[in-house]
Amino acid sequence: MDIRLGNGFDVHAFGPGDHVTLCGINIPHDQGLQGHSDADVALHAITDAIYGALARGDIGQHFPPSDPQWKGAASDIFLRHAVKLAADLGFAISNIDCTLICEQPKIGPHAQTMREALAEMTGVAIERISVKATTSEKLGFTGRGEGIACLATAALVTA
């Protein structure tokens, strides 16, 4: 059996807006996240974790930010592409672990809905998807409330 692990990391700064999109879920907030697409930092990190496990580059190589067709795009497009690529290469996603790093908004009340959305997007059983959060104890850009970071790990196994 071929087992592969991949890590993904992404950050996005806060800017004008009335919600953030995390794991495909819109969460009311007094700011939005800025980015070329919908700036879903969680989906970007998870997508990169899958590409990393496959040794197939990163999200920017598959969906260049210089390409105007991706401006404002929903990030589930990127994740679904990575999942399909994994399947096409003979892999199944065994599990996904996603850690959001932010002071606000609070993730806990939305974690189950996020897990459900990820299960739908990836076809992975919800029992194999973890979404959790931590703060950076008021340190760094996340601690100052300037943005959100996300670290994700994906394990792939031969199908």
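**Reading turns and strands**

Modeller: Gladly! This is a predicted model. Let's start in a loop: cysteine 23 sits between S2 and S3.

Colleague: What is the phi of cysteine 23?

Modeller: Phi there is near 55°, a positive value in a residue other than glycine. Cysteine 23 belongs to the turn of a hairpin formed by S2 and S3, with two residues between the strands. Strands S2 (residues 19-22) and S3 (residues 25-28) run antiparallel and are joined by four bridges. Threonine 21, for instance, faces asparagine 26 in S3.

Colleague: Is cysteine 23 buried or exposed?

Modeller: Its relative accessible area is 0%, so cysteine 23 is buried. Now look at alanine 39, in the loop between S4 and H1. Alanine 39 has a positive phi of about 65°, although it is not a glycine. Alanine 39 counts as buried, at 0% relative accessibility.

Colleague: And how do I read a sheet?

Modeller: In general, strands of a sheet pair through backbone hydrogen bonds, either parallel or antiparallel. Here five strands make an open sheet with mixed pairing, in the order S4-S1-S7-S5-S6. S4 (32-33) and S6 (129-134) are at the edges with a single partner strand each, so one side of each has no neighbour in the sheet. S5 (residues 91-101) and S7 (residues 147-158) pair antiparallel over 10 bridges, and asparagine 95 stands opposite alanine 155 in S7.

Colleague: Which peptide bond is cis?

Modeller: The one from glutamine 104 to proline 105, with omega near -5°. You will find proline 105 in the loop between S5 and H4.

How values were computed. Residues are numbered from 1 along each chain as its sequence is written. This is a predicted model: local features need pLDDT of at least 70, side-chain atom pairs count only at pLDDT 80 or more; totals for chains, interfaces and linings use all residues. Side-chain values use heavy atoms; hydrogens and water are left out. Two strands pair if DSSP finds at least two bridges between them. Buried means under 20% relative accessible area, exposed over 50%, partly exposed in between (1.4 Å probe, protein chains only).
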